[in-house]
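Let's walk through this fold by way of its charged contacts, then step inside. Keep the structure open as you read.

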Amino acid sequence: MARRCSETISAALMPRIGSSSLVFQPFRGFTRRLIVANLVVFFVLLVLGKINGAYAGIIEALLLLMPRAVVHGFVWQLVTYSFVHIDIWQALFNLLSLWFVASYIEEAKGSRWLIEIYFLAVVGGALIATALSFTPIPRLSPLDSASGAQAGIFGLMAAIGLLFGEQQFFFFPLPIGIKAKYLVLIYLLIAIAMLFGGGRIFPIVVSLGGGLVGFIYARQARGRGLSFAASERFYGFRNEYYRWKRRRAARKFEVYMRKHNRDVHFDHEGRYVDPDKGKNPNDRKWMN
């Protein structure tokens, strides 16, 4: 089921460059490192499987996402499952799709933005599916498992649909253009349809959860990313705290000066207001 879902994404997404040319985005930056990491894990497990199948199976079980294992302390699975691909077709389709969508996001928003949204989608999709697996939803079980980069890919696609909805993409090799927002909607409907198609649905829930997290991220961090927004909010809270302390000190000082028959005034920010400010120097009424 997960593989069929990933295969739908394999209809290569390519942004239109110029009038009609279809090209790969540059293979560089974090996109390249992410794909290389996935390839290394895939070939290491492949070679281990040829040398010692039982040992490779144990390692694979430790890396796959399994809700029962996660709640028993195997929390690394919330990330490592995204680097595990069961067969060459899943790896091929997922990594090609990851190349297209991740490189597009990285070119448009930068590496930090890509890192944040990808891993938030991976972890968020895993957490959502893990939590739901312990509910009485039919065909969901804590003994289910999931693997592959689909959650991160769905998260990136949701961001593209939200931020670049009017951008036109093509289904390779057919020269048929479609706007990003409609393309994302098609994939979403396919994934939802697969939920009712029988078989295992846990991997699909992981993917949809990743898409939901990616959509929320793109809504909340349209600029430089979540870390930048968080730092901005932190410094905003810090500055507000300092303003509050200044206002409180100003009120105490006003009370103190009134006890000594002196009137001083501060503005709403706690800044001292010069009583002579704004007076006409030629007005003899206030002069001694």
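Arg28 has a relative accessible area of 45%, so it counts as partly exposed, meaning between the limits for buried (under 20%) and exposed (over 50%) with a 1.4 Å probe and protein chains only. Its salt-bridge partner is Glu107, with the closest N and O atoms 2.9 Å apart; a salt bridge here is a side-chain nitrogen of Lys or Arg within 4 Å of a carboxyl oxygen of Asp or Glu. Glu107 sits in helix α6 and Arg28 in the loop between β2 (21-22) and α2, so the pair ties together parts that are 79 residues apart in sequence. Glu107 is partly exposed too, at 41%.

A quick word on the model: it is predicted, so local features need pLDDT of at least 70 and side-chain atom pairs pLDDT 80 or more, while totals for chains, interfaces and linings use all residues. Residues are numbered from 1 along each chain as its sequence is written, and side-chain values use heavy atoms, leaving out hydrogens and water.

The whole structure has three salt bridges. Glu166 meets Lys181 at 2.6 Å between the closest N and O atoms. Glu166 lies in the loop between α8 and β3 and Lys181 in helix α9, so this pair ties together parts 15 residues apart in sequence. Shared partners join Glu166, Lys179 and Lys181 into one network.

Technical notes
Helices (H or I, at least four residues) and strands (E, at least two) are DSSP runs, numbered from the N terminus.
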